[in-house]
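Thank you for making time for this at group meeting.

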Amino acid sequence: MKRTLIFLILIVGSAALMAQGRVMPNRAYSILNSNPGYITINELQAGLGLGNTSTDYSKSMFGFTTIHGYQMNKSFLVAGGTGALFYNGGMLIPLLMDFRININISSITPYAYADGGVLVNPSDLVEGSKIFINGGGGVRYSFSRQLAATVSVGYWVQNGVSRDSFVVVKAGLTFKPR
């Protein structure tokens, strides 16, 4: 009786140990294609004004940008783009340069970015246009070798008739063809 009980414990115990070591198939590990070449990033963004927000173009903003550029290597990207930004005072069209540095390449990749350029006011090209700079950091999640999602937070400063600043949140999709 004692031997039978020990034998059953060993069989059940070994089955449990074998079940723990079994590997279940998961989704294939993927990172965005890091070879040099064309890349596009399309982002929605929203900003909340800091400091004096009583003037036009200083309280809030939201809009989208599309950036097209060249990935130099696995870590560095240079791009240019445009879009439409809607402020509490009207619409401005950004013409911008974008630089990104990927910090640790994996399926979840942190990055730092720096944007800068001109904000064109279509209703008043001379007086209403501004210059801006925007820096921040974010995370990119790769769905496949061609597609990834991005989320970032940054600090936006624009200067025209007045100097305004914003905390900006961006979310978007990155596409990198083969």
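This is a predicted model: local features need pLDDT of at least 70, side-chain atom pairs count only at pLDDT 80 or more; totals for chains, interfaces and linings use all residues.

**Cavities inside a barrel**

The largest cavity has a volume of about 100 Å³, where a cavity is a set of points, on a 1 Å grid over the protein atoms alone, at which a 1.4 Å probe fits but cannot get out, and where a volume is the space filled by probe spheres set on the points, with grid points joined across faces, edges and corners. Residues are numbered from 1 along each chain as its sequence is written, and side-chain values use heavy atoms, with hydrogens and water left out.

The residues lining this largest cavity, meaning those with an atom within 4 Å of a point, include Ile39, Arg100, Tyr111, Arg140 and Thr150. Strand 1 (37-50) and strand 4 are the elements that give two or more residues to that lining, strands being DSSP runs of E, at least two residues long, numbered from the N terminus. By type, the lining divides into 4 nonpolar, 4 polar and 2 charged residues; here Ala, Val, Leu, Ile, Met, Phe, Trp, Tyr, Cys and Pro count as nonpolar, Asp, Glu, Lys and Arg as charged, and the others, Gly among them, as polar.

What do the strands around us build? In the order 1-2-3-4-5-6-7-8, 8 strands close into a barrel with antiparallel pairing, and two strands pair if DSSP finds at least two bridges between them. Strand 6 (residues 130-142) is joined to strand 5 by 12 bridges, and 12 bridges also join strand 6 to strand 7 (residues 147-159), with a hairpin of 4 residues leading from strand 6 to strand 7.

Let me finish with the second largest cavity, which holds about 30 Å³ of space and has Phe132 and Trp156 among its lining residues. Phe132 and Trp156 are both buried, that is, under 20% relative accessible area with a 1.4 Å probe and protein chains only. They also form a stacked aromatic pair, 4.4 Å centre to centre with 5° between the planes, where rings of Phe, Tyr and Trp (its six-membered ring) pair if their centres lie within 6.5 Å, and planes under 30 degrees apart count as stacked.

Note on methods. Rings of Phe, Tyr and Trp (its six-membered ring) pair if their centres lie within 6.5 Å; planes under 30 degrees apart count as stacked, over 60 as edge-to-face and the rest as tilted. Buried means under 20% relative accessible area, exposed over 50%, partly exposed in between (1.4 Å probe, protein chains only). On a 1 Å grid over the protein atoms alone, a cavity is a set of points where a 1.4 Å probe fits but cannot get out, and a pocket is an open set with protein on both sides within 12 Å along at least five of seven lines; lining residues have an atom within 4 Å of a point.
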